[in-house]
Amino acid sequence: MSAEAQPAAALRVEDLRVAFDTRDGLVQAVDGISYSVAPGRTLGIVGESGSGKTVAAMTAMGLTRGARTRVSGRVLLDGEDLLAASPARLQALRGDAIAMVFQDPLSALHPLLRVGHQIEEAVRAHGSEVSRAAGRARAVELLELVAIPNAAQRIDAYPHELSGGMRQRAMIAMALANNPRVLIADEPTTALDVTVQAQILALLRRLRDALGMAMVLITHDLGVVAETADEVAVMYAGRIVEHAPAAELFASPQHPYTWGLLRSVPRLDAPVGAELVPIPGRPPSLIDPPSGCRFHPRCAYVRDRHRMVDPALESLAGVPSHRVACLLPETERRAIWAGLTSGAAASPVVAPESPSSGPAAGPASAERPA
Amino acid sequence: MTAVAPPLAAVEQLVKRFPLTRGVLVRRRLGDVPAVDGVTLEVREGESLGIVGETGSGKSTLARMLLNLLEPTSGVVRYRGENVTHARGDALAKLRRKRQMVFQDPAGSLNPRKTVGAAIADPFSIHGLLLERAARARRVSELLELVGLEAALANRYPHELSGGMRQRVGIARAIALGPELLVADEPVSALDVSIQAQILTLLRELRRELGLTLVLIAHDLAVVRHVCDRVAVMHEGKLVEVAPVEELYRAPRENYTRELLAAVPRIPGLAPGAAPAGPQSSPPSSSSST
């Protein structure tokens with residue numbers, strides 16, 4: 001159809017918008033995002049809680065359908081629009097061609113059923129011909145694939161008998177049951193220790209390469225996507241505000257929000273005792289988002305014009321693959337980031353005009369009595 | 001740097017075993033799991049000590065025993081040199097005022113049916129302090145402002161707050177009685193990175209302003225690096241390595257410490273905020289702007 005730009009994309013999202021009709025008003029959770037992921041590639045989607053990153057993924061999976069949800073745009077899985085698919089067709093595709101791994105494996109697994117049984121269910125749900133024995137053999141194979149030791153025994157374990165990391169591996173095994181072409185992993189390591197996180201990320205990379213899956217990795221932590229994603233999209237208030245190849249994004253981040261995320265991450269290569277620089281305030285209300293640039297109430301570099309003009313996501317001059325939605329001139333952005341990383345310009349004091357949305361938790365020092 | 005400071009708190013050869021049982025109706029005791037296995041550690045007055053380890057390393061169990069929230073199987077807990085291992089009654093109540101804890105899950109540690117103000121005022125009721133209503137309300141407002149929240153939040157309920165705000169309330173409650181020692185058990189691991197930075201910065205500032213001694217428990221060596229002077233690494237109930245922060249990261253002595261360091265994701269590109277606003281252990285700079 002119209003997907004001529006990158007015919008190779010396994011998953012292609014076009015101008016996706018999702019709104020929820022609530023008692024308090026219409027919440028525009030996702031406000032026109034587009035991206036595509038090719039087989040064997042990973043897109044990292046990064047943003048804070050409430051940025052819309054999970055809603056966008058759930059909508060792609062058809063998990064937000066309901067009377068109070070308004071969805072528009074297209075989600076093309078190998079060219080087929082999932083948003084237009086019938087419930088039966090969606091049911092057939094979900095867990096088969098496209099699968100999802102959730103943040104909290106303990107609440108995503110049934111506590112009273114053995115892990116193997118749950119994986120068998122996933123296998124048999126999409127292959128009516130699969131016998132019990134074959135289903136069980138496949139479950140063992142899947143547990144081995146995700147590197148669970150003693151898979152033949154662990155298959156009879158209950159979820160509570162496994163550690164958090166092992167449970168997440170079991171969830172991944174379940175998602176892989178039918179060799180999906182697209183895997184969406186929503187904060188797959190957030191509840192885990194750093195050591196286990198490193199193992200799970202390595203596992204996802206290995207599986208992606210071995211199975212040639214297109215992967216969407218959703219997280220609030222730029223550190224998580226740093227070693228795993230080929231491309232990164234940064235979401236804020238329902239939109240993508242910066243999108244670039246991962247190496248380009250980390251080498252030359254352009255959006256003040258991306259800077260904020262980068263400066264929030266504790267890292268080992270900063271000088272000992274270096275201050276983390278939190279982003280002041282909180283993500284805005286999506287019922288009544290700020291005028292102009294949605295990030296302006298929290299932005300240290302805001303100008304009057306930015307309160308009125310809503311920036312579009314546009315390519316950098318000379319770097320078409322790097323797009324950013326920011327009204328600051330590119331030369332100025334580059335100069336600011338150079339200053340922030342040289343250490344010479346110690347943090348320009350962030351003084352947001354009082355956070356717009358109610359009792360926002362500003363930086364601790366903002367409201368501090370002397 | 002602060003080697004001369006006397007230990008504020010200490011544990012000696014501390015052991016905690018949990019019974020391992022099997023069966024639902026008839027519980028059979030199969031043996032013991034040593035959660036903490038012979039740990040000796042000092043917390044120096046005014047310092048910020050990180051205790052780092054994976055889930056199950058015994059770091060939280062150690063912290064609980066340090067604050068007499070859990071009885072050790074054997075070993076000694078000291079506070080200002082005094083053996084407080086078996087403190088009871090009034091003596092324990094006095095200790096509680098001086099040593100407070102911030103928990104990982106701010107939602108689970110706040111009573112959903114109590115307003116924020118009531119939650120913060122709880123410690124006063126428990127210890128029979130500030131009995132006059134107006135004085136108590138004033139102190140609650142002060143505490144809210146101290147942790148970067150608006151005083152008006154006192155009338156809200158926990159579910160109306162974001163995770164970061166709830167953690168601020170947990171901290172306000174912990175510092176309500178003016179403790180000397182604050183133990184924060186994974187205070188940021190349930191929060192978004194951007195909010196983590198806010199809470200870590202808050203802890204750092206409170207330490208400076210209130211002269212607190214801080215014990216920060218974490219599974220992530222990168223988090224501790226920004227806040228602590230010294231780091232203790234735990235593995236399977238034992239202390240693996242204790243070192244000043246710059247030393248531990250520059251030249252870790254133990255393999256396990258190296259493994260933990262290797263697990264921290266590397267972020268390409270230049271580290272932002274390269275210059276610290278001031279040496280971490282410097283005295284409070286009166287008008288620090290960050």
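**Helix packing and burial**

A: Start with handedness: helix 4 of chain A and helix 7 of chain A cross in a right-handed way. A crossing is right-handed if the near helix is turned clockwise from the far one by less than a right angle, left-handed if anticlockwise. The model is predicted: local features need pLDDT of at least 70, side-chain atom pairs count only at pLDDT 80 or more, and totals for chains, interfaces and linings use all residues. Residues are numbered from 1 along each chain as its sequence is written, while chains are lettered from A and ligands numbered from 1 in the order in which they are written.

Q: At what angle do helix 4 of chain A and helix 7 of chain A pack?

A: Axes are lines fitted to C-alpha atoms, for helices over the stretch in contact, and angles run from 0 to 180 degrees between N-to-C directions. Helix 4 (residues 115-126) of chain A packs on helix 7 (residues 164-175) of chain A at about 20 degrees, with the axes 8 Å apart. Angles under 35 degrees count as roughly parallel, over 145 as roughly antiparallel, 65 to 115 as roughly perpendicular and the rest as oblique. Helix 4 of chain A and helix 7 of chain A are therefore roughly parallel.

Q: Which residues make the contact?

A: Two residues are in contact if their C-beta atoms, placed from the backbone, lie within 7 Å. Helix 4 of chain A contributes A:V115, A:Q118, A:I119 and A:A122, and helix 7 of chain A contributes A:A170, A:A173 and A:M174. By class there are 6 nonpolar, 1 polar and no charged residues; Ala, Val, Leu, Ile, Met, Phe, Trp, Tyr, Cys and Pro count as nonpolar, Asp, Glu, Lys and Arg as charged, and the others, Gly among them, as polar.

Q: How do helix 3 of chain B and helix 5 of chain B cross?

A: The axes of helix 3 (residues 116-126) of chain B and helix 5 (residues 163-175) of chain B come within 7 Å and cross at roughly 25 degrees. This crossing is right-handed. B:V116, B:A119, B:I120, B:D122 and B:P123 of helix 3 meet B:V169, B:A172 and B:R173 of helix 5. The residues of this contact divide into 6 nonpolar, no polar and 2 charged.

Q: How many residues of helix 1 of chain B are buried?

A: A residue is buried if 20 or more other C-beta atoms, placed from the backbone, lie within 10 Å of its own, exposed if 12 or fewer, and partly exposed in between. In helix 1 (residues 59-66) of chain B, 7 of the 8 residues are buried, including B:K59 and B:L62. Helices here are DSSP runs (H or I, at least four residues), numbered from the N terminus.

Terms used. Helices (H or I, at least four residues) and strands (E, at least two) are DSSP runs, numbered from the N terminus.
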